[in-house]
Amino acid sequence: MIKLSNVSKVYPNGTKALSDVSVTIPDGDFVFIIGPNGAGKTTLTKLLLGEEKPTTGKIEVNGYDLGKIKKRKIPYFRRTLGFVFQDHRLFPNMTVFDNVAFAMHVIGEPNKLIKQRVWRFLKYVNLENQAYHYPNQLSGGEQRRVALARALVNNPSIVIADEPTSNSDPIMSVEMMELLKKVNDVGKTVIVISHDIKMVKYYNKRVLTLNDGYLADDHKKAGDEDEV
């Protein structure tokens with residue numbers, strides 16, 4: 001579960017990025033976070049990843065209090081999360097297989113398990129035939145799917161995708177969103193930061209709207225209006 005209670009973030013230069021944000025995201029939810037540039041989306045993402053700490057308020061993610069978490073515990077916390085970067089951040093000198101495997105090598109998993117899980121998730125994102133290609137041999141959509149496989153390989157309970165449909169044609173956008181929906185269908189919490197309003201409306205999921213650092217709206221999907 002993710003719970004933000006009266007969270008504000010003020011940077012040292014005086015910029016107030018978030019103001020008194022309170023929201024709860026239950027396990028297994030699918031949530032879009034939208035808003036204009038400067039609305040606070042990036043800051044909220046950094047807070048959820050433990051890259052920044054709130055100035056005031058409390059953030060709880062998967063049982064961790066991110067305002068008080070010790071540095072030595074942050075790597076353990078981050079294993080419960082999978083993050084898909086907007087710019088993919090693949091290693092150009094590594095094959096697709098090794099890019100995905102890297103996430104498991106970092107935490108010291110045995111080679112046999114790494115091999116099994118990497119092949120499993122390359123098949124999941126339909127890239128097993130590109131396993132020994134390098135990132136520069138892939139399309140943008142394929143690179144994004146590699147990033148998703150890497151985010152999933154350690155079996156996180158929460159997956160956060162930053163602008164997963166940006167700079168994609170409609171077919172690739174739908175393909176990526178269907179994969180994220182598939183991830184959610186097996187019980188994982190999925191959070192998508194997006195500017196793609198058409199895609200947000202099409203998928204009819206919960207939508208959190210940030211504006212000028214405030215939570216301007218928390219819109220439940222159709223049919224859930226009576227849920228608390």
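Phe97, Trp119 and Tyr132 make up one aromatic cluster in this predicted model, where local features need pLDDT of at least 70, side-chain atom pairs count only at pLDDT 80 or more, and totals for chains, interfaces and linings use all residues. Residues are numbered from 1 along each chain as its sequence is written, and side-chain values use heavy atoms, with hydrogens and water left out.

A pair of aromatic rings is described by the distance of the centres and the angle of the planes. Rings of Phe, Tyr and Trp (its six-membered ring) pair if their centres lie within 6.5 Å; planes under 30 degrees apart count as stacked, over 60 as edge-to-face and the rest as tilted. By this rule there are nine aromatic pairs. In one of them, the ring centres of Phe97 and Trp119 are 5.5 Å apart and the planes stand at 55°, so the pair is tilted. Phe97 belongs to helix H3 (residues 96–105) and Trp119 to helix H4 (residues 111–124), so the pair ties together parts 22 residues apart in sequence. Helices here are DSSP runs (H or I, at least four residues), numbered from the N terminus.

Accessibility is classed as buried under 20% relative accessible area, exposed over 50% and partly exposed in between (1.4 Å probe, protein chains only). Phe97, at 12%, counts as buried, and Trp119, at 23%, as partly exposed.

The rings of Tyr202 and Tyr203 have centres 5.0 Å apart and planes at 80°, so this pair is edge-to-face. Tyr202 is exposed at 62% relative accessibility, whereas Tyr203 is buried at 8%.

How values were computed: Helix = DSSP H or I, 4+ residues; strand = E, 2+ residues; numbered from the N terminus.
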